[in-house]
Amino acid sequence: MSEGQVVAVDIKTARLNPQEYQQNFSEMHPPLSDAAALVEADRCYFCYDAPCTEACPTGIDVAGFISMIKSGNNAGAARLILQENIIGGSCARVCPTETLCEQACVRNEQDHRPVSIGLLQRHAVDAAMTVGQQFFSRAPDTGKRVAIVGAGPAGLSCAHGLACQGHQVSIFEAREKSGGLNEYGLAAYKMLDNFAHREIEYITAIGGIDTRYGQRLGEDFDTSSLLQEFDAVFLGMGLGGVNRLNLDNEDADGVMNAVDYISQIRQVGQLSELAVGRQVVVIGGGMTAIDIATQVKMLGADEVTLVYRRGPDAMAASEEEREFTQIKGVKILYNAKPVNIVTVDGQVREVEFERKGETFTLAADMLFKAIGQSFSAKIDSALELEKGRIRVDAQRKTSVAGVWAGGDCVYDGEDLTVAAAQDGKLAARSINEYLLKSTKGE
Ligand SMILES: Cc1cc2nc3c(=O)[nH]c(=O)nc-3n(C[C@H](O)[C@H](O)[C@H](O)COP(=O)(O)OP(=O)(O)OC[C@H]3O[C@@H](n4cnc5c(N)ncnc54)[C@H](O)[C@@H]3O)c2cc1C
Ligand code: SF4
């Protein structure tokens with residue numbers, strides 16, 4: 001069986017006109033107007049047991065902030081959100097709310113539509129951030145110094161928590177910009193208007209946080225050297241590696257890691273500068289697979305097929321995410337495993353799949369691998385691992401005294417922005433207790 005016809009390789013830039021790029025990469029969920037926010041806030045039942053708060057990994061008082069929006073107190077709402085989750089502006093845009101807070105909303109039972117918690121959260125936080133309204137101040141300097149590795153959501157959340165307590169924080173970041181996947185990974189239509197950067201400016205405005213760029217753990221320094229210079233260390237390096245298909249021709253022209261291309265989408269000046277194929281195949285079943293498939297389609301590819309090795313229920317991407325990409329024109333094929341990458345003159349032309357004992361091929365001038373990321377940082381051997389990631393306890397302490405870790409690089413919880421923010425927050429609290437005890441000489 002053969003699906004799709006082999007056509008000439010056609011990878012090129014500027015597939016669309018400027019208006020089409022603008023339209024395709026416009027806001028996924030446009031913000032609420034003031035009037036719409038009041039109407040939406042009015043739908044909340046302010047449940048006593050607040051299942052939404054239980055479902056939020058950072059435990060935001062959802063009913064509390066919505067009741068403040070309802071009474072016109074957006075600043076109070078923003079404060080309530082940010083005190084639990086300083087990355088609350090990003091989370092409002094990127095949380096898969098349909099599997100978190102909004103899934104728990106009792107409005108689902110009544111009218112099959114939850115309160116739009118993410119949009120309300122964004123409404124309140126954006127109002128405060130736009131005018132630079134700060135709710136937290138830095139305690140007097142404690143003289144304690146903490147090193148943080150990685151300026152992603154986990155590292156930034158930890159940095160803010162510690163700076164609030166008066167500790168001096170130095171972030172060691174391998175790349176040339178802060179933000180981690182907020183800056184380089186999240187889909188372009190979720191994070192518009194340089195939001196990742198604006199959020200970092202807002203977070204670091206508290207003071208007491210300096211960032212050293214181009215500094216890579218395992219190459220420029222290690223945890224032991226940090227422990228000599230600092231009173232505590234937090235590791236938030238995320239996942240640097242990408243999983244391989246382990247097929248021949250995996251490094252052929254036209255075959256790419258989805259995260260690398262997504263990073264280009266986020267960093268390129270003009271989307272028209274990005275070259276994209278006509279027939280694109282994506283392999284994977286998570287958010288990254290959905291995001292690359294949708295964005296490549298939005299960049300003008302004719303046919304984008306996302307192929308997943310199991311059924312829809314096993315997919316890490318939610319039903320809403322699957323629906324979203326399908327509405328944008330991406331075709332999803334289930335229960336098919338890639339078995340061969342066919343190339344001509346070193347360029348991918350077809351991908352062969354196996355499904356229920358049969359094989360079929362899809363024509364492809366670009367093939368994206370989105371089958372997961374892996375932990376790749378070089379760390380001290382004293383740090384214990386669990387399933388290939390750093391082992392931590394409930395306070396995010398590692399097996400090495402004075403070293404905490406959180407976010408995607410640890411084996412605990414889901415790989416989500418909001419989970420990384422929570423890890424950073426918990427670690428900051430634990431590090432603060434440790435530093436206070438060491439001050440008292442305990
Ligand atoms: C394509 C894609 C789309 C996603 N979409 C969503 C989404 O829509 N919603 C959602 O909730 N989650 C999403 N996620 C997951 C989310 O982005 C991550 O869970 C989150 O960013 C983890 O934060 P982190 O701080 O642990 O790591 P990261 O964001 O990866 O940040 C780690 C930081 O450490 C730096 N670093 C790495 N190695 C070193 C080193 N050796 N030395 C020094 N610094 C180092 C990196 O440069 C980076 O700045 C997505 C992930 C991907 C890959
Ligand atoms: S942080 Fe995310 S999960 Fe938590 S309440 Fe906000 S949108 Fe929902």
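A backbone N or O atom of T417 sits 3.1 Å from an oxygen atom of ligand 1. Taken alone, ligand 1 exposes 1,000 Å², and the protein buries 95% of that (accessible areas come from the Shrake-Rupley method with a 1.4 Å probe). This is a predicted model, in which local features need pLDDT of at least 70 and side-chain atom pairs count only at pLDDT 80 or more, while totals for chains, interfaces and linings use all residues. Residues are numbered from 1 along each chain as its sequence is written, ligands are numbered from 1 in the order in which they are written, and side-chain values use heavy atoms, with hydrogens and water left out.

**Around ligand 1**

Two further contacts involve oxygen atoms of ligand 1: an N or O atom in the side chain of K190 is 2.6 Å away, and a backbone N or O atom of P153 is 3.2 Å away. In all, 35 residues surround ligand 1, and the closest are V94, E173, K190, L217 and D408 (a residue counts if one of its heavy atoms lies within 4 Å). Helix α14 gives the most to this shell, with three residues. Domain 1 (2–26 + 243–372) and domain 3 (145–240 + 375–440) both give residues to the shell, so ligand 1 lies between them. Domain bounds come from an automatic or database domain assignment.

**Empty spaces**

Rolling a probe the size of a water molecule over the atoms shows where empty space is left. On a 1 Å grid over the protein atoms alone, a cavity is a set of points where a 1.4 Å probe fits but cannot get out, and a pocket is an open set with protein on both sides within 12 Å along at least five of seven lines; lining residues have an atom within 4 Å of a point. A volume is the space filled by probe spheres set on the points.

| Second largest pocket | about 760 Å³ | H29, T97, E98, E102, E320 |

The whole structure holds three cavities of 30 Å³ or more.

Conventions
A polar contact is a pair of N or O atoms within 3.5 Å; within protein, one must be able to donate a hydrogen and the other to accept it, and residues adjacent in sequence count only if both atoms are side-chain atoms. Helices (H or I, at least four residues) and strands (E, at least two) are DSSP runs, numbered from the N terminus.
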